[in-house]
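Please look at the sequence and the structure first.

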Amino acid sequence: MKDLKYRILYYAIQYNGDWNRIAKAIHNQEPYKIIEYPYDYVTIVDEQYPECMKHLRYPPWILFYIGDYSLLKKKSIGIVGARNCTSQALQNTKTIVNHVKQKYCIVSGLAKGIDAMAHQCSMDSDTIGIIGCGINRIYPKENTKLFYEMREKQLIISEYPMNVAPLAYHFPWRNRLIAACSSALVVIEAKEKSGTMLTVNECLELSKPVYCLPTAFENKEYMGCNTLIFNGANILLDEKELDDI
């Protein structure tokens with residue numbers, strides 16, 4: 001097993017965290033070298049590998065992390081939504097996170113907009129940021145202060161080794177990790193075609209409940225939540241209903 005641990009690390013670095021290429025390298029038993037690495041990591045063959053990730057169809061081969069790894073053992077709730085969101089969505093994020101953060105660790109994607117607000121509001125409790133780039137890359141740049149605060153006090157994880165760029169296709173793939181870490185998902189605001197909807201699909205595949213805030217009739221840009229509610233997602237009408245999550 002130790003041999004495979006070092007293989008996975010080497011392949012992850014060689015292939016920039018690409019899941020399929022790592023899988024192929026393992027299957028073909030490609031040559032590898034034992035290397036020292038400056039960031040903490042855990043592989044799928046380690047005892048410390050998070051149980052929640054094992055239920056994914058494509059569990060990450062490796063997770064790089066900075067911060068308090070023990071947060072992955074806590075009961076968590078995912079808070080997600082649009083990057084370019086409305087001011088009302090940001091206020092709603094504050095309200096919801098402040099209500100549930102004493103009961104749950106808050107999981108989100110360290111993106112701008114709703115993700116950033118969810119993390120900021122839970123800095124005085126527990127929060128996990130799951131990113132779609134190298135563990136040492138700060139993206140977006142406007143979250144620089146938040147990134148450094150979280151690495152000191154909370155937890156940041158990624159399946160991508162250091163220096164890997166934040167490529168567009170990384171983020172939909174990253175969303176399955178948010179779903180895996182969350183016992184339930186709250187969608188604040190979303191467009192009908194967005195990465196948020198992909199996170200919802202991952203939660204449904206894992207049989208995890210999804211809760212949505214309804215969107216005003218006149219707000220045509222963010223109809224994602226209403227579509228989800230129409231298709232059977234739970235609707236959140238007031239704060240009291242958060243106690244039942």
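## Crossovers

The model discussed here is predicted. By that test, β4, helix α4 (residues 114-121) and β5 form a right-handed β-α-β unit.

Strand β3 (residues 76-80) pairs with β4 in the parallel sense, over three bridges. The chain gets from β3 to β4 through helix α3 (residues 87-100), and this β-α-β crossover is right-handed.

## The sheet

In what order do the strands of the open sheet lie? The nine strands run β1-β2-β6-β5-β4-β3-β7-β8-β9, with mixed pairing. The edges belong to β1 and β9 (234-235). Each has a single partner strand, so one side of each is left without a neighbour in the sheet.

Three bridges also join β4 to β5, and these two strands run parallel. Individual partners can be named. Ser76 stands opposite Cys105 in β4. Ile106 has Thr127 of β5 as its bridge partner. Ser108 faces Gly129 in β5.

Thr127 belongs to strand β5 (residues 127-130). Is Thr127 buried or exposed? Its relative accessibility is 0%, so Thr127 counts as buried. Beyond its neighbours within four places in sequence, Thr127 contacts Leu71, Cys105, Ile106, His119, Ser122, Met150, Gln154 and Leu155.

## Helix α3

Helix α3 has 14 residues. From first C-alpha to last, α3 reaches 20 Å, close to the 20 Å expected at 1.5 Å a residue.

Which residues of α3 are buried? They are Ala89, Thr93, Ile96, Val97 and Val100. These residues cover an arc of only 95° around the axis, so they sit on the same side of α3. An α-helix has 3.6 residues a turn, so residues three or four places apart point the same way. The buried residues of α3 pack against β3, β4, α4 and β7 (184-187).

## Helix α6

Helix α6 (residues 170-181) has twelve residues and reaches 17 Å from its first C-alpha to its last, close to the 16 Å expected at 1.5 Å a residue. The helix is mostly covered, with ten of its twelve residues buried. Among them are His170, Phe171, Arg174, Asn175 and Arg176. The cover over the buried residues of α6 includes α2, β2, β3, β4, β5 and α7 (195-205).

Pro172 also lies in α6. Pro172 has a relative accessible area of 35%, so it is partly exposed. Pro172 and Leu71 are 101 residues apart in sequence and 23 Å apart in space, C-alpha to C-alpha.

## Aromatic pairs

A pair of aromatic rings is described by the distance of the centres and the angle of the planes. With ring centres within 6.5 Å as the cut-off, the count comes to ten aromatic pairs. In one of them, Tyr37 and Phe64 have ring centres 5.3 Å apart and planes at 45°, so the pair is tilted. Tyr37 lies in the loop between α2 (19-28) and β1 (40-43), and Phe64 in strand β2 (residues 62-67), so the pair ties together parts that are 27 residues apart in sequence. Tyr37 counts as buried at 16% relative accessibility. Phe64 is buried at 0%.

Ring pairs also link Trp19, Tyr58, Trp61 and Trp173 into a cluster.

## Backbone exceptions

Most residues other than glycine have a negative phi, and most peptide bonds are trans. Leu110 has a positive phi of about 55° although it is not a glycine. Leu110 sits in the loop between β4 and α4. It is buried, with a relative accessible area of 2%.

Ser207 has a positive phi of about 60° and is not a glycine either. Ser207 lies in the loop between α7 and β8 (210-212). Ser207 is exposed, with a relative accessible area of 66%.

The peptide bond from Tyr139 to Pro140 is cis, with omega near -5°. Pro140 lies in the loop between β5 and α5 (144-153).

Methods:
Residues are numbered from 1 along each chain as its sequence is written. This is a predicted model: local features need pLDDT of at least 70, side-chain atom pairs count only at pLDDT 80 or more; totals for chains, interfaces and linings use all residues. Side-chain values use heavy atoms; hydrogens and water are left out. Helices (H or I, at least four residues) and strands (E, at least two) are DSSP runs, numbered from the N terminus. Buried means under 20% relative accessible area, exposed over 50%, partly exposed in between (1.4 Å probe, protein chains only). Contact means heavy atoms within 4.5 Å. Two strands pair if DSSP finds at least two bridges between them. A crossover is right-handed if, with the strands pointing away from the viewer, the path from the first strand over the helix to the second runs clockwise. The expected span of a helix is 1.5 Å times one less than its number of residues. The arc is that of the directions from the helix axis to the C-beta atoms. Rings of Phe, Tyr and Trp (its six-membered ring) pair if their centres lie within 6.5 Å; planes under 30 degrees apart count as stacked, over 60 as edge-to-face and the rest as tilted.
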